Amino acid sequence: APTNTCLFSAVSPAARDLTLLLRCIAFASKTQVRLSPEGLRFSAQETSVMEGKQLLYHYIRHMILTTFSLCLSLQISFHNLGYQDPEASEDDSPENAPTPPTFQISLPALLETLQIFSLGDSNAFRQQDPYDTLNAFRQNRNINNPFSTAALGSSALCRISYENRGSPLSIQISETDVTTNCDLTTYQSETTEDIPFDRETLALKTIMRSAHLADAISELASTNPTSISLIASPTAPYMSLSATGPLGSATVDFNKDQDPLLLETFQCPSRFRTTYSFRHIKAVYRAMVSASKVSVRADEQGVLSLQFLIE
């Protein structure tokens, strides 16, 4: 167990839930970890054009993290990426406040560690093509298995600790009478900047059920496209996704006139069209199928923001 000289320590009774959350940003080989009094921030970035974040803040700490301890007085010198909680005020971040520690770890190694007691249910976490119908059937069959770990309600107890700068991230997984200890090598944080997203000049803002978006992406994937176009307008069909590939072309319309429940909210001042790499959209498909709702926003420069609500 972590000692009282440990810079950071936390206990999670829901290792499987933590694994599910981290799988949603598993499109990069490393994840950057930021420790702060508010909680943990896991982020992954690919070539400065795609970024995913998992924010485990205090308001969900009681569900994911039952124990949380951070002793910044032990910190000597940490690289500051300049990240600030968007909900925090300037008074909450005085200049003389301790710098939150940041470091990087291998994301695949972290996921394998968290699911060490779920090898019997590994199909649910295995890196598969999300559009493979056979794999989807196997996953659904595993979920419906009454003897699976998820159905039995079994969830390993996870203890996470970080002693000091340069120390490994120690993870202890306990289930019944079996305990496994793992030390993950930490790396110095790379200097990266958040992708600029202008919340003040939005060209599109809508909230919808995530399953509807996932079905649309799965349908468009059948054409094997390299890019996907997002078209939005203040009149019908309101929002459309289209893709063209060597196997054909397809378009999915989200017309709230035909189905008022399709788009819970919709704001689009003028016609808007932009194109994105389908590979990047496909990388967040796991988050789509795990979430209940998704907020789709795009600023006037075309930067797309997808925020998923995972219950």
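In this predicted model, four strands make up an open sheet, ordered 13-12-11-15 and paired in the antiparallel sense. Strands here are DSSP runs of E with at least two residues, helices are runs of H or I with at least four, and both are numbered from the N terminus; two strands pair if DSSP finds at least two bridges between them. Strand 13 (248–254) and strand 15 (272–277) sit at the edges with a single partner strand each, so one side of each has no neighbour in the sheet. From one strand to the next, the twist averages 15°, with axes taken as lines fitted to C-alpha atoms (for helices, over the stretch in contact) and angles running from 0 to 180 degrees between N-to-C directions.

Inside this sheet, four bridges join strand 11 (residues 227–232) to strand 12 (residues 239–245), again antiparallel. I231 has S240, in strand 12, as its bridge partner. Lying across strand 11, strand 12 and strand 13 is helix 6 (residues 210–220), which runs at about 165° to strand 13.

Now for the aromatic rings. A pair of them is described by how far apart the centres are and by the angle of the planes. Three aromatic pairs turn up in a search of the whole structure; rings of Phe, Tyr and Trp (its six-membered ring) pair if their centres lie within 6.5 Å, and planes under 30 degrees apart count as stacked, over 60 as edge-to-face and the rest as tilted. One of the pairs, F103 with Y162, is stacked, at 4.3 Å centre to centre and 20° between the planes. This pair links distant parts of the chain, 59 residues apart: F103 belongs to strand 6 (residues 102–106) and Y162 to strand 7 (residues 157–162). F103 has 2% relative accessibility, so F103 counts as buried; buried means under 20% relative accessible area, exposed over 50%, and partly exposed in between (1.4 Å probe, protein chains only).

Y238 and F266 make an edge-to-face pair, with 5.7 Å centre to centre and 80° between the planes. Y238 is in the loop between strand 11 and strand 12, while F266 is in strand 14 (residues 263–267), so the pair ties together parts 28 residues apart in sequence. Both Y238 and F266 are buried. The ring of Y238 also has the charged end of K256 sitting over it, 4.4 Å from its centre; this requires NZ of Lys or CZ of Arg within 6 Å of the ring centre and within 35 degrees of the ring normal.

Residues are numbered from 1 along each chain as its sequence is written, and side-chain values use heavy atoms, leaving out hydrogens and water. Local features need pLDDT of at least 70 and side-chain atom pairs count only at pLDDT 80 or more, while totals for chains, interfaces and linings use all residues.

Technical notes: Contact = heavy atoms within 4.5 Å.
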